[in-house]
Amino acid sequence: MVDILHQVGIKSTAGEVYSALATIEGLSGWWTQNTQGKANDVDGTVQFRFDAGGFDMKVRELDPAKRVRWQVVDGPEEWIGTYIDWKLEQNGDYTTVNFQHQNWREPVDFMHHCSTKWATYLMSLKSLLETGQGAPSPHDVKIIDWD
């Protein structure tokens, strides 16, 4: 199994970062405006939709101000069964976000694309919390023609 790993420091409290990861309003502000479902219920499902497709995530763990973990239950074949894991740690005025997209079966080309896109969305999360303005889809950074 292979994982995508990223880390970003956000000048915000861990509670505020957690809210951006565990509420529909928060998720819509940095990942995709087309977000619906039950983001703040363990075993709830969140639907994320983009121009090129979408993902359904089952919420597997919520630990306020510390961790959010999802399991991909619908979307591209490469994603199904993988986990999205957000670990938060308050460090003074900053929250360190350790992000993992876990359990890819193999490092296929699509994984390279997804790694870069996750990085752009992490910067969107940072921007949302530090400036009040994220860059969710469809206003995200495009990295390839079909993106």
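Contact here means heavy atoms within 4.5 Å. The model shown in these views is predicted.

**View 1**
Ser-127 is a residue of helix H3. Leaving aside residues up to four places away in sequence, Ser-127 touches Gly-132, Gln-133 and Gly-134. Ser-127 has a relative accessible area of 25% and therefore counts as partly exposed, since buried means under 20% and exposed over 50%. Gly-29 is 98 residues from Ser-127 along the chain, yet the C-alpha atoms of the two are separated by 9.9 Å.

**View 1. Helix H3 and what covers its buried residues.**
Helix H3 covers residues 109-131. With 23 residues at 1.5 Å a residue, H3 should span 33 Å, and the distance of 33 Å between its end C-alpha atoms agrees with this. The buried residues of H3 include Met-111, His-113, Cys-114, Lys-117, Trp-118 and Thr-120. Further along the helix, Tyr-121, Leu-122, Ser-124, Leu-125, Lys-126 and Leu-128 are also buried. Among the elements that cover these buried residues are helix H1 (14-22) and helix H2 (24-30). Strands contribute to the cover as well, including E1 (2-10), E3 (45-50), E6 (83-91) and E7 (94-104). Just after H3, Gly-132 has a positive phi of about 90 degrees.

**View 2. Asp-56 in strand E4.**
Asp-56 belongs to strand E4, which runs over residues 53-63. The relative accessible area of Asp-56 is 13%, so this residue is buried. Not counting residues up to four places away in sequence, Asp-56 touches Thr-45, Val-46, Gln-47 and Arg-49, as well as Gln-71, Val-72, Val-73 and Asp-74.

Ile-143 counts as partly exposed because its relative accessibility is 33%.

An unreviewed UniProt entry lists residues 13-130 as "domain: Activator of Hsp90 ATPase homologue 1/2-like C-terminal". In the model, this span is 32% helix and 42% strand. The end C-alpha atoms of residues 13-130 lie 10 Å apart.

Note on methods:
Residues are numbered from 1 along each chain as its sequence is written. This is a predicted model: local features need pLDDT of at least 70, side-chain atom pairs count only at pLDDT 80 or more; totals for chains, interfaces and linings use all residues. Side-chain values use heavy atoms; hydrogens and water are left out. Helices (H or I, at least four residues) and strands (E, at least two) are DSSP runs, numbered from the N terminus. Buried means under 20% relative accessible area, exposed over 50%, partly exposed in between (1.4 Å probe, protein chains only). The expected span of a helix is 1.5 Å times one less than its number of residues. UniProt positions are given in the numbering used here, feature names are shortened, and annotations may be inferred rather than shown by experiment.
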